[in-house]
Amino acid sequence: MTAAHKESGHTHQAPIIEVRGVSRVFPGVKALDNVSLSLYPGECLALLGENGAGKSTLSKIITGVYQPSEGAMIVGGVNVTERGNYNIGMAQEMGVTIVHQELQLIPEMNGIENIFIGRFDRKLGMVDWKSMKRKAEEIMAFLGADIDLTVPVKHLRTAEKQIIQLAKAISVNAKMIIMDELTAVLQEKEIANIYRIIDILKKRGMGIIYISHRLDEIFEVCDTYAVMVDGRLIHRGKVADVNKDQLVEMIIGRELTQVFPPLNENIGEVVLEVKGLTADRAFRNIDLTLRRGEVVGIAGLVGAGKTELLNAIFGSYRKTGGEIRINGQKVNIRRPQDAIAHGIGLVPDERKQLGLVMHFNITHNTTLASMRKFRRKSLLMDHRREREATIEAAEMMKLNYVSPSQSVSKLSGGNQQKIVISKWLLADSDILIFDEPTRGIDVGAKSEIYKLINRLTREGKSVIIVSPEMEELIGLCHRIYIMFEGEFRGCVSGEDKTQNNIVSKMLGV
Amino acid sequence: MELELEKRRASNKSLSQFLQEWAILFIFIGLFVISAIFVDGFFTYTNVINIFRQISFLAIIALGQFFVILVGGIDMSPGSSIGFFSLLLAGLIYWNGLPIGVAIVVVLIAAIVIGLVNGILSVYGKLPAFIATLVTMIVLKGVNYLYSDGIPISGLPSGFKVLGAGYIGGIPIPVIILIIITLICWVFTMHTRTGRSLYAVGGNEEASRLSGINTNRIKLLAFVIGSVLTALGTILITSRTMAGQPTLGDTMLFDIITIVVLGGTSLSGGRGKVFGVVIAALILGIIDNVMVLLGIGSYWQWIIKGVILAAVVVIDAHSKKD
């Protein structure tokens, strides 16, 4: 095992990279404080820490985006900090690559073009497509992936795009890859494929730094871990020697007692009833009920139609049949305005694209869906009341902020999510629909979101949740509907809410 | 630590943000002072009043363009619609003998229609705003020549002159109208729900839609406001020149877009200020005026203005990176 020899001062292998006592200071902030770390061939290292702990700064030091303020970067035995010309291009040349969750592909270009962009093979001054096609196919065969490389990548699924990104990294003769939240938007089956690829890369002697907020994954693929807190690397060890709770404790620097608060027991009458809801191609014949104070989950693979269903209820996806009743009344929801008027709010999966206006400040984002409440008789906006309502909501959300007029773009994912939720509280929404509420949010902030959802139900709100994280659904929901290829395949509650039960139905078994 | 970071960012921001936000004002003041000191004939009452009057037409039209760019669009139609409004106004008064007030109302209705056509093509027809408004511009160009045979319509009653050339208390009427329009636009954008929605739609259309804003209606409205303000500016120009001219807008579109961008409006939408646009119009007015006073030929003026637009767009692109 590579992991075993690495702690024991192995003599026969030199590290691929070594970070030696690196600090990085930004005006007024020490983002990295004396961090030392090395990565050996065949090692998969989990880099853990909350958002803002310094993981991305460290990644940027390693890939040459930033230079250390103190300390040095050693790549392949060469002190590149001393040599002084280490930048992104140089890092790539030396085999240090990074693959982000955010896709760095050009949507209109096909797989081959994306893999070799900037380094096209030439023959007689012309691009040599044949040779590139052959090489690309070799890489795909090596990764054991079967992806159409001749169509524009925008037509591919996210998981396929990420494999193309990996292929791109490998094609430059990478010695190591930083995988930054690569799996955040993937489903279990596709994640398993990434694991398989990581295994292949490890066997080939490549080093991997694996960044993910999903701790379960760490135990699947990583050999070693490093935990960062406040810019310092404080724990380092073998994954085999720890369990999940210990890791969580290291990451948030305290014990995480009771991640999921007890379910609200005060369930009232039915507030939302969906009957036979159908949308061509996306889903068919969906029946769903939601009671006051209840949390209902929807589990399913990607492509099962979950997001489409949520959006159809919210009026932003076209439905072709069925009906929706709110508090017993049949309603006609054709646009988000209609849903909002009936007390429904949607917390979408893509916070930055769908939830917030990124250069608006906190106040303007918080009141975006409820502006009419802050209108005076003169039709002008009452800025003071807007501000007061925002502060009130922010206090209730325990939002970590400086001023209601600061921009939301610099806030952490958890804080941004709280603003999206506040938006619906101000809009007097009684039914809150969450599409992957904790995507890209770190462990500590996740449990805060859980508590928040729980508190909302205690105050009489009702919640629908879609999440790829089974544990989250089981811990938060009273009942979980299971969706398979556009249909509900059952509903589990109480004792039956087990991972096995759900997963087997999710796979259509 | 994260909180610390955010706090520092916030406090650092306030000063640099203030300077950045009002950079355009300092540029204007600097330019004005330098011109007053170094350029003969600049700092006289007549010249300064002249600059203000000259920019007021263009500034009103640029404010219209501002709304379209604010929601993430662009309006090419003023290239011909300016000529169209001026011909229509002159034609209605001179050929059809309509009272001035009625003719103005008809022109404004025509402006609403053109704005609606632009908006419907772009919003519901899903054409890119650039193409939709280019179509309108080209069609209107043909209409202009059909309507006028390519000949200016002059001989308007002298009573019409007062709008563009008159004074109230020593201040030109177009300037007064500009000030009123600016104030209305400012209140509208900063203090009304619809104004906020314009910024929201330009900043993130999808998030706005999911927050219950009728994004199509907001975009349509921006095109209509754009067209109506273009017509208002044109009415004043027509009154100043006392003629309807088919080619009136041909060279103006460039200045209009320069002013809007120079005023700090982001070409990708969602950012910009009404006062920025007006001050930018003043800056361009001073540059024009100084070039004339210094005897720089009009061919060179075009080159210099082109360079200014390029520089402004480069700055715009860089400021967005942060």
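This passage describes the interface of chain A and chain B, and then one glycine of chain B. The model is predicted.

Contact between the two chains involves 47 residues of chain A and 33 residues of chain B. Together the chains bury about 3,200 Å². Carbon and sulfur atoms account for 59% of that area. On the side of chain A, the residues that lose the most area to chain B are A:His359, A:Met371 and A:Lys410. These residues together make up 17% of what that side buries.

One salt bridge is found between chain A and chain B. It joins the side chains of A:Glu386 and B:Arg196, with an N to O distance of 2.7 Å.

Several elements of chain A supply at least two residues each to the side that touches chain B. They are strand E2 (29-39) and helices H12 (336-341), H13 (351-355), H15 (383-397) and H16 (413-426). H13(A) gives the largest share, four residues. By class, this side of chain A has 21 nonpolar, 17 polar and nine charged residues.

In chain B, B:Gly155 lies in the loop between helix H6 (129-148) and helix H7 (162-165). B:Gly155 counts as exposed because its relative accessible area is 52%, and the cut-off for exposed is over 50%. Beyond its neighbours within four places in sequence, B:Gly155 contacts B:Tyr94 and B:Met242. B:Ile49 is 106 residues from B:Gly155 along the chain, and their C-alpha atoms are 27 Å apart.

Methods
Residues numbered from 1 in each chain as written. Chains lettered and ligands numbered in written order. Predicted model: local features only at pLDDT ≥ 70, side-chain atom pairs only at ≥ 80, totals over all residues. Heavy atoms only, no water. Contact = heavy atoms within 4.5 Å. Buried area = accessible area lost by both parts, 1.4 Å probe. Salt bridge = Lys/Arg side-chain N within 4 Å of Asp/Glu carboxyl O. Nonpolar A, V, L, I, M, F, W, Y, C, P; charged D, E, K, R; others polar. Buried < 20%, exposed > 50% of the residue type's maximum accessible area, 1.4 Å probe, protein only.
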